[in-house]
Amino acid sequence: MEISHVSMRHFWFTLGIAFCFLSSTWCADSSHLSGGKAVERRTTLVGGKQDVPNFQSDPEVQEAAKFAVREYTRQQKLADALTLWKVLSAKYQVVEGKMYYLTLLAGSGKHNHKYEAKVWVKPGKYSQMSLEDFKLISS
């Protein structure tokens, strides 16, 4: 029985697809690596937004929030500088570095407001931050 070159390519292609599917399913489960026990792990989806676990104590989130408030005050040339009171929520997206999507409580004097900020933390030895967006969402 003679096997054509085309059918061999089809065989290897099909085998490759099956291998990719099975290996991604096996690796995604990963219970085989922990003896069948549930293991908490933090995965990163490139391009997808994800919650930042423990954002209240995450130093990079806190620094990005402080930067956002400080930079917004500078850009708007506000007479009364905003003060960051609290980070209410934080998500991130893997880009070239990280894009943080923050909900903040900030204000000047006795007036506190909710803001949404978008801060890009660029990768590198000396991480640089850039304020991409900052807007009031409630008074």
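Helix α2 (residues 59–76) lies across β2, β3, β4 and β5, and runs at about 75 degrees to β5. Welcome to this predicted model, in which local features need pLDDT of at least 70 and side-chain atom pairs count only at pLDDT 80 or more, while totals for chains, interfaces and linings use all residues. Residues are numbered from 1 along each chain as its sequence is written, and side-chain values use heavy atoms, with hydrogens and water left out. Helices (H or I, at least four residues) and strands (E, at least two) are DSSP runs, numbered from the N terminus. Axes are lines fitted to C-alpha atoms, for helices over the stretch in contact, and angles run from 0 to 180 degrees between N-to-C directions.

**Confidence**

- The chain has a mean pLDDT (the predictor's confidence in each residue, from 0 to 100) of 78, and 67% of its residues reach 70 or more.
- Confidence is highest in strand β2 (residues 83–95), at a mean of 96, and lowest in helix α1 (residues 5–29), at 50.
- Over residues 18–42 the pLDDT is below 50, and this stretch has 9 contacts (heavy atoms within 4.5 Å) in the model beyond near neighbours in sequence.
- Where pLDDT is low, the predicted coordinates should not be read in detail.

**The sheet**

- Five strands make an open sheet in the order β1-β2-β3-β4-β5, with antiparallel pairing; two strands pair if DSSP finds at least two bridges between them.
- At the edges are β1 (49–51) and β5 (128–138), each of which pairs on one side only.
- Direction ignored, neighbouring strands of this sheet are turned by 25 degrees against each other on average.
- Strands of a sheet pair through backbone hydrogen bonds, either parallel or antiparallel.

- Strand β3 (residues 97–108) and strand β4 (residues 111–122) pair in the antiparallel sense over 11 bridges.
- To follow that pairing, look for Y101, whose bridge partner in β4 is K118, and L102, whose partner there is A117.
- The hairpin of β3 and β4 has 2 residues between the strands, and G109 in its turn has a positive phi of about 70 degrees.
- β4 and β5 pair in the antiparallel sense over 9 bridges, and the bridge partner of Y115 in β5 is L136.
- In the hairpin of β4 and β5, 5 residues lie between the strands, and G124 in the turn has a positive phi of about 140 degrees.

**Back to helix α2**

- At 1.5 Å a residue, the 18 residues of α2 should span 26 Å, which agrees with the 26 Å between its end C-alpha atoms; the expected span is 1.5 Å times one less than the number of residues.
- Buried residues (under 20% relative accessible area, with exposed over 50% and partly exposed in between, using a 1.4 Å probe and protein chains only) of α2 include V61, A65, F67 and Y72.
- The buried residues of α2 pack against β2, β3, β4 and β5.
- D58 caps the N-terminal end of α2, with a side-chain oxygen 2.9 Å from the backbone nitrogen of E60.
- Just after α2, K77 takes a positive phi of about 55 degrees.

**A closer look at L105**

- L105 is found in strand β3, and it counts as partly exposed because its relative accessibility is 25%.
- Not counting residues up to four places away in sequence, L105 touches several residues, among them W85, L88 and H113.
- L105 and A65 are 40 residues apart in sequence, and their C-alpha atoms are 9.9 Å apart in space.

Methods. Polar contact = N/O pair within 3.5 Å; in protein donor to acceptor, adjacent residues only side chain to side chain.
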